[in-house]
Structure formats: C-alpha cells, structure tokens
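Work through the exercises below. Try each task before reading its solution.

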Amino acid sequence: LGGSTKLEITSGGIDVTGAITVGGSPLSSAPTLTATANGSIGANAAVHVNSNGTVQVPTVGAGSLGSANKIGPGINVTSSHNIVYNTTDNIAVAVFVQSSIAYAIAGTVSGTVITWGSGTTVISSSGHQPHSVDIAWDATTNRFIFLYPRCSGGNGIYSGELTVSGTTITVVTPFQVSNDNVSNTQYYVRLISTNAGEMAGFAMRNTDRQLRICSLDLPALGTAITSSHWDSLLSGYTPEGHVNSSPEFVFDSSSNRLVVLFFTTTHDLKYQLYSQSGKYLTAQGSAAIANNTDSYRVSACYDSDEDRIVAFYGEYESDNRPVVQVGSVGSTSITWGSRVVMQAGYADQGVGKSAVYDPNTQQAYYFYHSNDDNEGRFQTVTISGSTPTLVSNVSITGSAALGAYFPAITRTSDGAIIMVWRYTSSQP
C-alpha cells in the first residue's frame, strides 16, 4: 500500500495511523466496558460475566482435591513444619522436625498430583537439635533459605541454604546468624521472603518471651551467603513486652512494610509494623487488634493490591473458636474491621503458614485443625473492603483418622493450593 495509506503490515503486526471507524463511529484506542455489578467489587478486581449480563468477583470453594498421601522416609513430625513453592521450577519444598532432627523433602507438581522425592536430613540428631525450622524461597535469586535455633551444644540462631534439582536436595552447611544466648529455650522461628532478594525472620525465646528479629539481603545466585548479609536486632525488641506463643509475619512488597502479629501474656492480640530497606528493619506503629482473645496461634495473609491483611485466630473467651478479621494497612497503623466467626466449636488453629491470599479472586484460604471433629478444615473467605464473607468451610482430610496437626499451606503459580499436615499417626 502506498501514497497516503495509513495502514501498514509489518513483521510485528499491523500498524494504523489515525482513527478506525466502523459504521461511521470511531473505535477508541482504549475501549471500555460498562456493566452492572452483582455484589461488591473492589478496585482492579478480576470479574466474570454472568449469564444475565452482570459481572461479579469469582467465588471459589475447595476446588478439586487430590488424594492425601504420606510423604517422607518414615518421618514422625514432633514439631512445626512448613512448605514453600518455587514458581520458577514448579517445585514444592517442605521442612519438618522430628525429635530435634530437621528434614527437607522436595516434590514436583502436576495437577492435583505431587511426586515427592526422598527426605534429606538438614540438621542431624548429633548436631544442633533444633526445636523448629522454617524455609523461604526468593524468586529473584531462586534460592531456598532455612532458619532454625540451635538448642544443643551451643546457642544462637542459624541459617543455611538448600539447593534443589528436581526432587534432589543438597544442604549447604548452615552458619550462625546471631550469637544470642538462646540455649534450649528458643523454640519457634519464622522466615518469609519480603522484597526481591530480601527476607525477614524471627525466633522467640521462652526465657523472656521476646522476639529476636533478623533480616537478610541476599547476594546473587552463586555468591555464598555469610553472616554479613544478615542484620539481627539482638536487643529483642518486642512492643508491649512479652509474646505468648506463635507470632506471624506478612509482608507488602509494594510498600516495603512488614507486619508482625503476636499475642501478649495479657491475652491481647497486637501488631507491629516495620519498614525494610536492604537488610535493615525500622519499627513503625504498634497497637492492639483485640483484647482478651488469646490463643496459641495466629495466621495471616496479605493483599498487596488493596493494602490489607487478613488475620485468622482463636477467641480465648469463646472456647478458642476460629475467627477472621481484616485490617487496612497504612504507613504507621492498621485500621481493623469486625471479627467474623468461622466455626462455633473449638479449633486448634494453624501454625505459621496456614493462610494464603488469591488476588485474582480476592479470596483468602485458611487451613486448620478442628478439635470438634478431629479433621482438617479448609475455609474460603471473600474480602470486600475490611469485611470478610464466609464462602465455604469443608473437610479436607475427610476422616478423623487423618487429623490435621501443624497444618501448613502454599499457593502455586497457577493458583493451585498445596497443604501439608501431620497425620494422627504423626507422619506428614
């Protein structure tokens, strides 16, 4: 086409100069769709079109469940375990503690089937004998990092790395992150990925019930991680003093804000905000979420699109029944909505990573152990503003014989969910 032609066909497509008209009406370069909403729809939310022409946020229940299978070489879980997912290589890695021995196991995922490799000893019984271990994966450097407290033959918080190829795991010798005198009294650790190439973790001491918070600035893959890449707040800064069991971490990568949730010994659920820059954390605001609601555990997940946190915990004054509460996160404070009860009966909440958020459906998923029926239960919650709406609460294990102790959960790159837990027989 030549002359004054405004249409050009190239190897990359078709370029048009000027407007395109159809039936005498010009087409916009940024077409819009006007539709009637069925229910509340948040900003930038994914929607689907109903048969009557209205649009709404998709609602998802438990989905299609795969079979529950025991994993590992006869491991009996005696303490916390967790799981992370590598979205680059589509590999899940879980860590366990059995009688002060730490194990790791990797699995490849296809649909609802996970093919697990053989377990690898991370810390042997003749070594540091950790009471707990946690793991995180960083997408930027494609590295798996684990964290644990040394509880025998010395003290301190230690970190190491796992290199994973398929389902084969190689352990990089761990090193001391801090020399905090924890001895055998430090029993709970958490580690999460924060910004690209950064992580944050903590360990809790039983002697003074304070957190030892640490953060990591990861070097490029191929460069050994050393203690110089870590920063440890060894003063044990914990707002309001002591912590009563199992704190929780969440992070908003868009604003570099880290949120720590914890129960105090006076039965108050509180939060502490931190900002992160490299390996350094700076404390921001702190306040109570709810009073007299002590439970052993709190789990949470974060919605980065709407800057809100979804917290799951138990009400102390109501037989530890599980509730959900949503908070809008600002630079120095969090504004919380009302609590919603998920189950009337007693529940043993998840330990650590038992809640995930799906930004595509604006739903939070929570996996926990119900003492009412001794089953693992999966709660789906839709979020609008600071209001949670319960969608479904279904049995995952389907049998009291399976139990669901120490539940942990992670989300894959295609939105599937992997859950691990300890059977009644103590096997994962």
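**Exercise 1.** Classify Asn90 as buried, partly exposed or exposed.

Solution. Asn90 has a relative accessible area of 34%. Buried means under 20% relative accessible area, exposed over 50%, and partly exposed in between (1.4 Å probe, protein chains only). Therefore Asn90 is partly exposed.

The model is predicted: local features need pLDDT of at least 70, side-chain atom pairs count only at pLDDT 80 or more, and totals for chains, interfaces and linings use all residues. Residues are numbered from 1 along each chain as its sequence is written, and side-chain values use heavy atoms, with hydrogens and water left out.

**Exercise 2.** Locate Asn90 and Asn142, and give the phi of each.

Solution. Start with Asn90. Its loop runs between strand E7 (82–86) and strand E8 (91–98). Strands (E, at least two residues) are DSSP runs, numbered from the N terminus. Phi of Asn90 is positive, about 55°, although Asn90 is not a glycine. Next, Asn142. This residue lies in the loop between strand E12 (134–138) and strand E13 (143–149). At 27% relative accessible area, Asn142 is partly exposed.

**Exercise 3.** Describe the surroundings of Ile289.

Solution. Find the strand: Ile289 sits in E23 (residues 280–290). Check accessibility: at 13%, Ile289 counts as buried. List the contacts (heavy atoms within 4.5 Å). Leaving out residues up to four places away in sequence, Ile289 touches Leu261, Leu269, Lys270, Tyr271, Gln325 and Trp336. Now take Trp336. It is 47 residues from Ile289 along the chain, with 7.1 Å between the C-alpha atoms.

Definitions and conventions:
Helix = DSSP H or I, 4+ residues; strand = E, 2+ residues; numbered from the N terminus.
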